[in-house]
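Let's take a walk through this model and stop at a few spots worth a look. Have the viewer open as you read.

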Amino acid sequence: MKINSCLLTNDVETTSIWFNTLRDETGLKVLNEGMPALLDIYQKNNIKSTFFFTGYIAKLYPSVVKMILPYGHEVGSHALSHEVKDGFDVLSLDKQIIHLSESKKILENISGNEVISFRSPALRVNKYTPTALLETGFKIDSSIASTRFDAFLSFGSKEKLKWLFAPRTPYKTSIDSLFKKGGNGVIEVPLSATFFPYVGTTMRIFSGLTRAQHHLLHFETNRINHKPIVFDIHPNEFIDESMEPRIISKRAKNYPAYLLKDLIRSKLKVKNLGPGAISLYEREIQFFQKRGYEFCTIKEYCKKQKLV
Ligand SMILES: [Zn+2]
């Protein structure tokens with residue numbers, strides 16, 4: 001009997017969901033509150049997972065990386081910076097190489113382990129990304145959310161329309177597109193989606209939808225294609241900043257985009273932040289635990305499947 005896999009992944013960054021901006025103070029809360037909450041959930045449930053760190057937060061608070069090491073979780077890269085201007089869909093090949101190699105160096109120096117897995121900030125990538133990854137020694141990418149439709153609610157959403165046609169099970173990408181199978185790129189381990197993203201944000205805002213999603217995803221894995229479940233959550237979803245008054249920062253260039261990408265999104269995205277997220281996340285974990293899924297890191301999964 002084939003064993004089904006569940007790959008829990010965590011993007012660690014200084015993004016404040018409450019303030020809709022990057023803040024060093026939020027990074028400190030991630031270190032002191034968000035990360036311990038997540039590590040506790042994983043330890044209680046005997047789970048190994050993958051943490052993608054931005055080089056920025058790792059450099060600012062190296063202990064945010066060090067604290068996962070005793071548990072055997074994987075250290076992956078979430079690029080150097082999470083600034084909108086540094087999205088991998090707008091960076092040149094040379095810039096991507098610099099951002100990747102810098103973040104790899106920072107994370108390897110802190111952890112003492114080789115870093116081979118990558119997730120792009122806000123899942124933004126372009127035609128140069130497979131080459132940049134290979135040039136800098138990355139072997140695995142997890143930035144493609146196959147069959148997910150983001151409408152125009154996220155940055156780089158035009159390029160993300162390609163998600164609708166991306167393969168659902170892990171594949172070797174083409175050298176000029178992470179969205180396509182090729183044979184000369186990196187290994188893509190796509191994030192789970194059912195048209196809607198299967199991520200912490202959906203879980204907190206539309207918990208009923210997520211309940212339907214895990215049944216659908218389990219059916220697909222079990223009956224159709226054996227796809228690993230890949231869930232994406234952030235330690236900044238386990239912190240509560242709501243006691244601090246806020247003005248929602250404007251990141252988009254014009255007013256309609258500000259309304260969609262900043263204002264509406266920020267109002268929605270703050271639901272169930274903090275302790276509320278813990279019980280919801282444990283419910284997702286238990287769903288797959290009860291069904292005999294094996295929880296491991298992305299790197300371990302790829303090794304077991306002989307993909308790397
Ligand atoms: Zn991120």
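A residue counts as buried when its relative accessible area is under 20% and as exposed when that figure is over 50%. Keep in mind that this is a predicted model.

With that cut-off in hand, go to Glu-13: its relative accessible area is 4%, so Glu-13 is buried. Glu-13 sits in the loop between β1 and β2, while His-82 sits in the loop between β5 and α4, so the pair ties together parts that are 69 residues apart in sequence. His-82 has 18% relative accessibility, so His-82 counts as buried too.

Stay in that β5 to α4 loop for Ala-79. Most residues other than glycine have a negative phi. Asn-46 isn't a glycine either, yet it has a positive phi of about 55°. You'll find Asn-46 in the loop between α1 and β4, and at 67% relative accessibility it counts as exposed.

Last stop: Asn-10, in strand β1. What does its side chain make a polar contact with? The partner is the side chain of Ser-49, at 3.1 Å. Asn-10 is buried, with a relative accessible area of 0%. Beyond its sequence neighbours within four places, its contacts include Leu-38, Tyr-42, Phe-52, Ile-233 and Tyr-281.

Key: Residues are numbered from 1 along each chain as its sequence is written. This is a predicted model: local features need pLDDT of at least 70, side-chain atom pairs count only at pLDDT 80 or more; totals for chains, interfaces and linings use all residues. Side-chain values use heavy atoms; hydrogens and water are left out. Helices (H or I, at least four residues) and strands (E, at least two) are DSSP runs, numbered from the N terminus. Buried means under 20% relative accessible area, exposed over 50%, partly exposed in between (1.4 Å probe, protein chains only). A polar contact is a pair of N or O atoms within 3.5 Å; within protein, one must be able to donate a hydrogen and the other to accept it, and residues adjacent in sequence count only if both atoms are side-chain atoms. Contact means heavy atoms within 4.5 Å.
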